[in-house]
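Please open the structure in your viewer and keep the sequence beside it.

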Amino acid sequence: MKKDIIITQVKDIYVVIVQEFNEQDNCKDWNAYLINDKNVNIEMVIILSGGHDDDKVTSKMRKTIEVLPSKSYAKIEYLTDEVLSLNNQFQVTFFEENKMFDRLYTFEKNTIKVDVFQEIPVMNKKGVLGK
C-alpha cells in the first residue's frame, strides 16, 4: 500500500511575510501572503495558520481560496507584533491539475524582521520567505 502513495514536492508556491504601509492607520503592518509562481493555476487552496511557543498558543485561522491564478498572490492574514514573537506555521493544501499537494511553511519566533528581508517572487517587494 505504501508504494501506491506518491508524495510530490511543492515547488514555486511560497508563503511570505511583508511589511506594508497602512495609509488608513498611518503605520506599517505585517501581512502574510500566498504566492503562486507557477505557470498554472492552483485550485481549492486551504490554509491553516497558527502561532505557538512554550507558553502561548494562538487560535487557528482558516482561509480558503477557490483559484489562485499563475504568477499571482493573495493576502492570507494580518499579523500583530505579539504574534511575530511566536513560531508561526502555515499549512497549505491545494490541487494542481487534479493532484493534491500539501506543505507546511514555518517562521520561527523573532525571525520576521527587516534586516533579513529578501526579494519576494511575483510581488516585486522585499520580505521574509517561509521555510
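## First stop: an aromatic pair

Begin by selecting Tyr 73, which counts as partly exposed because its relative accessibility is 38%; on this scale buried means under 20% relative accessible area, exposed means over 50%, and partly exposed lies in between, computed with a 1.4 Å probe on protein chains only. Before going further, note that this is a predicted model in which local features need pLDDT of at least 70 and side-chain atom pairs count only at pLDDT 80 or more, while totals for chains, interfaces and linings use all residues. Residues are numbered from 1 along each chain as its sequence is written, and side-chain values use heavy atoms, with hydrogens and water left out.

The structure holds four aromatic pairs, where rings of Phe, Tyr and Trp (its six-membered ring) pair if their centres lie within 6.5 Å, and planes under 30 degrees apart count as stacked, over 60 as edge-to-face and the rest as tilted. One of them joins Tyr 33 and Tyr 73 edge-to-face, at 5.6 Å centre to centre and with 80 degrees between the planes. Tyr 33 belongs to strand β2 (residues 27-36) and Tyr 73 to strand β5 (residues 72-79), so the pair ties together parts that are 40 residues apart in sequence; strands here are DSSP runs (E, at least two residues), numbered from the N terminus.

## Second stop: Phe 90 and Phe 107

Next, select Phe 90 and Phe 107, an edge-to-face aromatic pair with 5.8 Å centre to centre and 85 degrees between the planes. Phe 90 lies in strand β6 (residues 87-96) and Phe 107 in strand β7, 17 residues apart. Phe 90 counts as buried at 1% relative accessibility, and Phe 107 counts as buried at 2%.

Colour the four strands that form an open sheet in the order β4-β3-β6-β7, with antiparallel pairing; two strands pair if DSSP finds at least two bridges between them. At the edges are β4 (61-68) and β7 (99-107), each of which pairs on one side only. Strand β3 (residues 42-52) pairs with β4 over seven bridges, in the antiparallel sense, and if you select Ile 46 you will find its bridge partner, Thr 64, in β4.
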